[in-house]
Amino acid sequence: MTVKVLVVDDSAFFRQRASAILNADPRVTVVGTAENGRVAIEQAQRLKPDVITMDYEMPVMNGIVALIEIMRLCPTPVLMFSSLTYEGARITLEALEAGAVDYLPKSYDRVAQGHAGLEQVLVERVLAVARSRVGRAPQFASPAPVMAPRASSASLSRSQPVPYKSQPRGATVAASPAPRAGSLAKRCKLVILGTSTGGPVAIQKILTRLPADFPLPILIVQHMPKTFTGAFAERLNQQCQLRVREACEGDRLEPGLALLAPGGEQMLVDGRQGGRVRIM
């Protein structure tokens, strides 16, 4: 059985090109296209695709509003397209919070050039997103060119992306009690979070539950481009009681401080300076 895809984009060229790439793979079938968010909602309810690829900037109704409505009316795994800019990163993070499973940075030029490698990335990402189960959009305490592999954030994790599986409609997540600060600090010296697909949502859910006086430093490695990690760190810092920022060379590891590895750079830890542990 093939994966049924609905392609949503206001560019007729991009709809045609993405459809051609996906239809060329026997595992995928494009069952429809939509030029704006309103049509996407109608098509999603009528065609019942397995995956929706969604642009953000569209006339009539943008991708975020359409995504929220789709998650309310007919929850479907969504792959968002985004620009490699700070604003694109901010919008993409909003889309992930609203229920999108994953994203791909977007470049019309490279799509037009027809890179075989980029085409394969789109197909494989769509197949990965199709394996996700989605329900209502997650609830929170507070509110590389398209089809190119995302830049590696650091060398701490090289595992294959695992599709994020959100809870089924109506499901609740039981909150497990947080470990006592004193016992945690005695057993551990550092917390490391390494994530890829679904990571931004998971990291946000974890960090927003931690107190400002969390007794350990935290290092985060999230698989995303350089332009995205700065926006992600800033967003987390606004939402969490912890301090969160993008890591810089020379940063000291401190309790209650979460450092996010910059996209495309290595993040190493140096503890040779008399017990003072720093990022290098």
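Between which helix and which strand does the loop with Leu-216 lie? Leu-216 sits in the loop that runs between helix H8 (199–207) and strand S7 (218–222). Helices (H or I, at least four residues) and strands (E, at least two) are DSSP runs, numbered from the N terminus.

This is a predicted model, in which local features need pLDDT of at least 70, side-chain atom pairs count only at pLDDT 80 or more, and totals for chains, interfaces and linings use all residues. Residues are numbered from 1 along each chain as its sequence is written, and side-chain values use heavy atoms, with hydrogens and water left out.

Leu-216 counts as buried because its relative accessibility is 3%; buried means under 20% relative accessible area, exposed over 50%, and partly exposed in between (1.4 Å probe, protein chains only). Val-191 is 25 residues from Leu-216 in sequence, and their C-alpha atoms are 6.8 Å apart in space.

The protein chain as a whole has these values.

| Item | Value |
|---|---|
| Helices in the protein chain | nine helices |
| Strands in the protein chain | eleven strands |
| Buried part of the 280 residues | 50% |

Five strands form an open sheet in the order S2-S1-S3-S4-S5, with parallel pairing. Strand S2 (28–34) and strand S5 (102–105) are the edge strands, each pairing on one side only. Two strands pair if DSSP finds at least two bridges between them. Strand S1 (residues 3–8) runs parallel to S2 and is joined to S2 by six bridges. Leu-6 has Gly-32 in S2 as its bridge partner.
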